[in-house]
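Please read the following note with the sequence and the model at hand. It is written for a reader who is new to structural terms.

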Amino acid sequence: TRVGWMTNYVEHEQENAYDLNKKEWHVDNGYGNSLHFPKSATDPRSYWHQETENSYLVNALTLDHKGEDFFLKGSLSQVEFEDELRALKDLVIAPNRIYTAYGDQVTHDVRLNGGTTLELGNGILYTPSFGVACTTKTFEGEREYPNDPGKNVSGYDMDVEQTIRGALWENNIIFGKLELDLGVRADKVQVDYEDAGGGAVEQDETLIGWSVAPSYRLGDKSRVYLLASRTHWFPTPQYYAWASSRGGSFNRPEDLQAEVNTTFELGCKTRRSRRLRMAASVYCTLTTEKYLSVYEGNSWRGVKNVGDAETLGVELQADGRLKEWFGYRISASYLDAEWTGGTEGMLKGGGSVDGKKIHGVPQWEGLLGLDFYPVQGLKISADMKYDGDYYVAMDNVDSYGAKTTVDMRVGYERGNWEAWAKAKNVFDEEVYRVGGTTSGNYHYPRNGRYVEIGTGVTF
């Protein structure tokens, strides 16, 4: 029996322009990564940056018991997140528009799962397991305008509480080289939302998910499998906050629904030796009530259910340790995601999104990773990541080109102590998240070079 405890605390302060939509003119004229930039080619007045301060505290208790014929796993955790955003974009152009937004979210999570292995005769092993879980998230949001104290902020002053209670029954059956996994899960979701303007939403929904996964062993080191499953994703309190503060009649909190994904997958996994481990899979996911970040004209309206979609994918992975001092990781994926039914009016000029590719989703992605082990406990890693091009809007006209970035990490472990240094986007490649609106494409700068140094102790 093992009992564990984990505490993690992070404070973060930043000045950035990441969420300030820049037009192509800004990028073409060298303002892509600038904190301050002119409004347009004909208006030299400067847009300003934004400032964020947030803290993140995690406390978690875990239990892991493995007996000869019985196992039990459990966890109890609390996550506290506090965020303050000072939106100073219009500090020079329209000072009365600048504001400070506050958001506090607390998450409590309890999980318990246990099972036993039974010998049914004729070489059949049956392992049933049962689990329960309860997750409660509370979110409180406020906003103030220091230069416009009389402004109505009732839509930004909100309280959201979401509780998800779940029960899970899983079954594993092994008969020779055949294995079958069956599972069913029921979740009861309750949401209570209210704001200072009198808006209130109460939702109560029961969601049923399931999975069926037969597999067959090909020798001792390989197996093929089939998977069919249905899962649900329910919007977090932040989605209700966006809908309340930004959605208007286009995206109302009471209209948010669960996203449903039905997946069919065929795959193979093999471990030929320490030098080569491979996995390959093809899958199809049918999604109803898919969520997407949306605009009404030039105004961002949050994230809402847009329509139904179909995703076809292929994934390939390989890794291994060729020498004591050298290892590798390779992966590649192809994704074809398109709408099969969608909300009218989401396109520029109106119209249906049926048959359009889902924008913001690259078709091709790849990774090449190299690991070096010069001495015991020391690991040096370098990853080259490729993200293919993607459409920037639902009309599938304009696209954003492929990007390649490099990340590196150096870590040293000794006993229960670890220290590390890592850098993301080592060569400071300019990367944007690009979105299209009725008046053109906007560029949102992503992180440039990022460096982190840390240490940790495991008890």
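1. Basis of the note. This is a predicted model, in which local features need pLDDT of at least 70 and side-chain atom pairs count only at pLDDT 80 or more, while totals for chains, interfaces and linings use all residues. Residues are numbered from 1 along each chain as its sequence is written, and side-chain values use heavy atoms, with hydrogens and water left out.

2. The second largest pocket. Its volume is about 490 Å³. A pocket is an open set of points on a 1 Å grid over the protein atoms alone, where a 1.4 Å probe fits, with protein on both sides within 12 Å along at least five of seven lines; lining residues have an atom within 4 Å of a point. The volume is the space filled by probe spheres set on the points, which are joined across faces, edges and corners. Of the 27 lining residues, Ile-164, Arg-185, Asp-187, His-232 and Trp-233 lie nearest the centre. Two or more lining residues come from each of β9 (124-144), β10 (158-175), β11 (178-195), β12 (200-217) and β13 (222-233). Strands (E, at least two residues) and helices (H or I, at least four) are DSSP runs, numbered from the N terminus.

3. Aromatic pairs. The count is 14. Rings of Phe, Tyr and Trp (its six-membered ring) pair if their centres lie within 6.5 Å; planes under 30 degrees apart count as stacked, over 60 as edge-to-face and the rest as tilted. Phe-130 and Trp-169 are stacked, at 6.2 Å centre to centre and 0° between the planes. Phe-130 belongs to strand β9 and Trp-169 to strand β10, 39 residues apart.

4. Tyr-239 and Tyr-291 are edge-to-face, with 5.5 Å between centres and 85° between planes. Tyr-239 lies in helix α2 (residues 237-247) and Tyr-291 in strand β15 (residues 276-296), so the pair ties together parts 52 residues apart in sequence. Ring pairs link Trp-233, Tyr-239, Trp-242 and Tyr-291 into a cluster.

5. Charges over rings. A charge sits over a ring if NZ of Lys or CZ of Arg is within 6 Å of the ring centre and within 35 degrees of the ring normal. The charged end of Lys-89 sits over the ring of Tyr-47, 4.7 Å from its centre. For Arg-433 over the ring of Tyr-444, the distance is 4.4 Å.

6. A polar contact. The side chains of Thr-127 and Thr-117 are joined by a polar contact of 3.1 Å. Such a contact is a pair of N or O atoms within 3.5 Å; within protein, one must be able to donate a hydrogen and the other to accept it, and residues adjacent in sequence count only if both atoms are side-chain atoms. Thr-127 lies in strand β9.
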